[in-house]
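Q: I have a chain open here and want to go through it piece by piece. Can we start with the overall picture and then move to details?

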Amino acid sequence: MERISGTPIRDLASTGQVRVRYVAYVRAADRPGSLTAVAEVISGRGVSIEFFATGDRRGNNVLLTLVFATSHRLQSLIERTLLGLSGVEEVTMVSADSPQVRAAGVVHALAGRRFVPPPDTAVTWSGDTSLDQPLLVEGTLIDVEAVMDAARRDGAVLTSWMLLPP
């Protein structure tokens, strides 16, 4: 996966640097402490982790997926530090708004209420919430998040999304 610079989300008043929302895919050894070490690299630099999941187990390693926002300079430092950790085999970071970042989501609407994804979102979906079925959506992270936001505004009782492996 190529590195994509990302879209600025806000200026940092104290430094004048631009923060970008990143997705980090970290392939690491499946052993005690791997997840903690990765989280400490990011949080230890004052960066809040918005999303953290494990999955895509292959042999003796696992894919750790994280979403966070930081400056490009700090993102580069985090990436280099992660690559230096014992047990980390590969680190790929891309902008969260990249079309390469795919997600899946689930919406449970109020009983009997019909909800469909907004027409300006490029997602595939299935399910009929008016029949009390969950609505399953898949697309870019940005579009899936837009569907989840719209569902919450429409009164959905439960929404959730997950990043898919690259």
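Q: How much of the chain counts as buried?
A: Of its 166 residues, 43% count as buried. Keep in mind that this is a predicted model.

Q: And what secondary structure does the chain have?
A: There are three helices and nine strands. Along the sequence they follow the pattern β-β-α-β-β-α-β-β-β-β-α-β.

Q: What share of the contacts comes from residues 24 or more positions apart?
A: Such pairs make up 64% of the contacts in the chain with a separation of 6 or more.

Q: OK, cores. Which residues touch the most other members in the largest nonpolar core?
A: V23, F115, L141 and L163 do, in a core of 25 residues. Two or more residues each come from β2, β3, β4, β6 (102–108), β8 (135–140), α3 (141–153) and β9 (158–163). The largest share, six residues, is given by α3.

Q: What does L163 touch?
A: Leaving out residues up to four places away in sequence, L163 touches V23, F51, T65, V67, V101, R102, A103 and L141.

Q: What other core is there?
A: Apart from that one lies a core of 19 residues, including A28, V38, I78 and V91.

Q: Back to α3. Which of its residues are buried?
A: In α3, the buried ones are L141, D143, V144, E145, V147, M148, A150 and A151. They pack against β2, β3, β6, β8 and β9.

Q: How far does α3 reach?
A: Its 13 residues reach 18 Å from the first C-alpha to the last, close to the 18 Å expected at 1.5 Å a residue. Just after α3, G155 takes a positive phi of about 95°.

Q: Why does the span of α2 agree with what a helix should have?
A: Helix α2 covers residues 72–84, which is 13 residues, and at 1.5 Å a residue these should span 18 Å; the end C-alpha atoms are 19 Å apart, so the two agree.

Q: Which residues of α2 are buried, and what covers them?
A: L74, Q75, S76, I78, E79 and L82 are the buried residues of α2. Their cover includes β2, α1 (34–43), β4 (61–71) and β5.

Q: What about S34, buried or exposed?
A: S34 lies in helix α1. It counts as buried because its relative accessibility is 10%, and the cut-off for buried is under 20%. Not counting residues up to four places away in sequence, S34 touches A28, A29 and L64.

Q: You mentioned a positive phi. Which residue has one in strand β3?
A: That is D56, in strand β3. D56 has a positive phi of about 50° although it is not a glycine. Most residues other than glycine have a negative phi. At 27% relative accessibility, D56 counts as partly exposed.

Q: And D132, where is that?
A: D132 is in the loop between β7 (124–126) and β8. D132 also has a positive phi, of about 60°, and is not a glycine. With 54% relative accessibility, D132 counts as exposed.

Definitions and conventions. Residues are numbered from 1 along each chain as its sequence is written. This is a predicted model: local features need pLDDT of at least 70, side-chain atom pairs count only at pLDDT 80 or more; totals for chains, interfaces and linings use all residues. Side-chain values use heavy atoms; hydrogens and water are left out. Helices (H or I, at least four residues) and strands (E, at least two) are DSSP runs, numbered from the N terminus. The expected span of a helix is 1.5 Å times one less than its number of residues. Buried means under 20% relative accessible area, exposed over 50%, partly exposed in between (1.4 Å probe, protein chains only). Contact means heavy atoms within 4.5 Å. A nonpolar core is a set of buried Ala, Val, Leu, Ile, Met, Phe, Trp, Tyr and Cys residues joined through side-chain atoms within 4.5 Å.
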